[in-house]
Amino acid sequence: MTLYINACPREESRTERLARAYLAHISDVTELNVYDQPLVPLDRKRLAHRESLIAGGKWHDPMFDYAHQFADADDIIIAAPYWDLGFPAQLKTYIENIYVTGIVSAYNDHGQPCGLCRARSLTYITTAGGAYDPRFSFDYLTAMAKEYFGIRETRLIYAECLDICGNDPEAILQSAIDQIERSADR
Ligand SMILES: Cc1cc2nc3c(=O)[nH]c(=O)nc-3n(C[C@H](O)[C@H](O)[C@H](O)COP(=O)(O)O)c2cc1C
């Protein structure tokens with residue numbers, strides 16, 4: 001199963017259009033729209049509750065459902081627009097909720113993190129109003145994938161400069177979609 005994490009809040013999201021073009025070539029996809037989920041940040045109360053569940057070995061508590069779903073996926077696709085040099089807060093909230101030591105990641109005898117996720121790859125899809133800088137979105141997710149989740153391969157698909165005056169956003173987006181189609185044909 002490929003887990004598609006949809007973090008695109010806009011009705012007419014260009015990022016989501018790019019993601020749909022990519023997903024059209026993949027079967028057995030489960031979509032999780034992070035805006036339709038009761039995801040909330042880990043505050044003091046929720047953190048204490050989570051720690052008590054972990055201490056009690058209650059790995060099948062509903063609080064960990066998102067973490068199990070993420071850990072069990074064969075591949076991961078995340079789509080999110082480029083916001084404030086990174087991505088929307090709801091995606092970070094999702095990451096907070098799935099990052100459970102003992103489900104997606106563990107520490108080995110040398111105190112180093114080792115991934116427990118099954119996924120072969122994580123594909124990140126985004127669009128940017130200006131020039132895309134991957135440091136706080138794709139690069140961050142790549143570090144998380146490789147260093148904590150144990151997902152070895154990461155890929156980036158993006159379209160940029162969509163909001164720059166004088167540019168043709170439709171043409172830029174179509175060119176990114178054409179590239180996806182060409183890669184799928186190979
Ligand atoms: C809240 C917000 C923050 C944004 N921050 C940036 C930014 O830091 N840099 C940039 O180039 N574009 C920024 N943009 C523009 C979006 O990246 C761009 O419009 C993108 O294509 C939106 O994707 P969507 O159509 O999937 O919503 C921002 C847009 C919004 C609404």
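Visitor: Where is the place of Glu 16?

Guide: In this predicted model, Glu 16 sits in helix 1, which spans residues 14-23.

Visitor: Why does Glu 16 count as buried?

Guide: Buried means under 20% relative accessible area. Glu 16 has 18% relative accessibility, so Glu 16 counts as buried.

Visitor: Which residues is Glu 16 in contact with, leaving aside its neighbours within four places in sequence?

Guide: With those neighbours set aside, the contacts of Glu 16 are Tyr 4, Asn 6 and Cys 8.

Visitor: Why does Asp 28 count as exposed?

Guide: Exposed means over 50% relative accessible area. Asp 28 has 53%, so Asp 28 counts as exposed. Asp 28 is placed in the loop between helix 1 and strand 2, the latter being residues 29-33.

Visitor: What is the phi of Asp 28?

Guide: Phi of Asp 28 is near 55°, which is a positive value in a residue other than glycine. Most residues other than glycine have a negative phi. Cys 161 also has a positive phi, near 60°, and is not glycine. Cys 161 lies in the loop between strand 7 and helix 6. A positive phi, near 80°, is found as well at Gly 150, which follows helix 5.

Visitor: How do you know that the buried residues of helix 5 are on the same side?

Guide: In helix 5, residues 138-149, the buried residues are Phe 138, Leu 141, Thr 142, Met 144, Ala 145 and Phe 149. Their arc around the axis is only 160°, so they fall on the same side of helix 5. An α-helix has 3.6 residues a turn, so residues three or four places apart point the same way.

Visitor: Which elements do the buried residues of helix 5 pack against?

Guide: They pack against helix 3 (65-72), helix 4 (89-98), strand 3 (75-79), strand 5 (113-115), strand 6 (121-127) and strand 7 (153-159).

Visitor: Why is Tyr 124 called buried?

Guide: The cut-off for buried is under 20% relative accessible area, and Tyr 124 has 0%, so Tyr 124 is buried. Tyr 124 is in strand 6. Beyond its neighbours within four places in sequence, Tyr 124 is in contact with residues including Ile 78, Phe 87, Leu 91, Tyr 132, Phe 138, Leu 141 and Ile 157. Between the C-alpha atoms of Tyr 124 and Ile 164 the distance is 22 Å, with 40 residues separating the two in sequence.

Visitor: How many cavities of 30 Å³ or more does the structure hold?

Guide: The structure has 1 cavity of that size. The largest cavity has a volume of about 50 Å³.

Visitor: Which residues line the largest cavity?

Guide: The lining is made of Phe 70, Ile 78, Tyr 94, Ile 95, Ile 98, Leu 141, Met 144 and Phe 149. Helix 4 and helix 5 each give at least two residues to it. By class, the lining has 8 nonpolar residues, no polar and no charged.

Visitor: How many residues line the largest pocket?

Guide: The largest pocket has a lining of 23 residues, and Tyr 22, Thr 123, Ile 157, Ile 180 and Ser 183 lie nearest its centre. Two or more lining residues come from each of strand 3, strand 6, strand 7 and helix 6. Helix 6 provides the largest share, 7 residues. The lining divides into 12 nonpolar, 7 polar and 4 charged residues. The space in the largest pocket is about 410 Å³.

Visitor: Which residues line the second largest pocket?

Guide: Among them are Pro 9, Arg 10, Arg 14, Tyr 82, Trp 83, Gly 129 and Asp 163. The second largest pocket holds about 180 Å³ of space, and its lining has 5 nonpolar, 4 polar and 3 charged residues.

Technical notes
Residues numbered from 1 in each chain as written. Predicted model: local features only at pLDDT ≥ 70, side-chain atom pairs only at ≥ 80, totals over all residues. Heavy atoms only, no water. Buried < 20%, exposed > 50% of the residue type's maximum accessible area, 1.4 Å probe, protein only. Helix = DSSP H or I, 4+ residues; strand = E, 2+ residues; numbered from the N terminus. Arc of directions from axis to C-beta. Contact = heavy atoms within 4.5 Å. 1 Å grid on protein atoms, 1.4 Å probe; cavity = no way out; pocket = protein on both sides within 12 Å on 5 of 7 lines; lining within 4 Å. Points joined across faces, edges and corners; volume = space filled by probe spheres on them. Nonpolar A, V, L, I, M, F, W, Y, C, P; charged D, E, K, R; others polar.
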